[in-house]
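Biologist: Hi! Could you walk me through this model?
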Amino acid sequence: MKIYEVNFNSNTFMLEANIIDINYNTLDEQYEKLLYILNSEGLDVLDYNNEIAILVDDCGFEKIGNAIFEVKSEDDLVSVLAGKLLFVRNIYNEESTDFGSIKSEDIFNLRNYLDIKFKGILKQKL
């Protein structure tokens, strides 16, 4: 599964975007690997649009040193998120929505049209 990662590098003071490949055999293993990448114990899901979701640490605002981002979704909803952002595809099925591999065209569109602003570094827990 391919994930598009956006993070702030505090050494270079630049936004960085990477494509990460993860392999898994079960949805539980997928979830554990996503938590590992986020360095978190849980995750929150924000829909960027109907097809793409943003995964973020559910306790991101409790971790001093996390980057704070303002992201505008395709339907103009503005969200403030803390920590690393992972972009995945929504895979809809009868009982739930799972996470799937991001596509090349998704990455192209995100790189060209994602409305994201770096707002700063978390200096105290909120």
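Modeller: Happy to! Helices (H or I, at least four residues) and strands (E, at least two) are DSSP runs, numbered from the N terminus. This is a predicted model, where local features need pLDDT of at least 70, side-chain atom pairs count only at pLDDT 80 or more, and totals for chains, interfaces and linings use all residues. Residues are numbered from 1 along each chain as its sequence is written, and side-chain values use heavy atoms, with hydrogens and water left out.

Biologist: Is Asn39 buried or exposed?
Modeller: Exposed, at 62% relative accessibility. Buried means under 20% relative accessible area, exposed over 50%, and partly exposed in between (1.4 Å probe, protein chains only). Asp76 counts as exposed too, at 53%.

Biologist: New topic: what is the strand order in the open sheet?
Modeller: The order of its three strands is β6-β5-β9, with antiparallel pairing; two strands pair if DSSP finds at least two bridges between them. β6 (78-82) and β9 (115-121) each have a single partner strand, so one side of each lacks a neighbour in the sheet.

Biologist: How many bridges join β5 to β9?
Modeller: Six. In β9, Gly120 is the bridge partner of Ile68.

Biologist: And how exposed is Phe118?
Modeller: Phe118, in strand β9, is partly exposed, with a relative accessible area of 32%.
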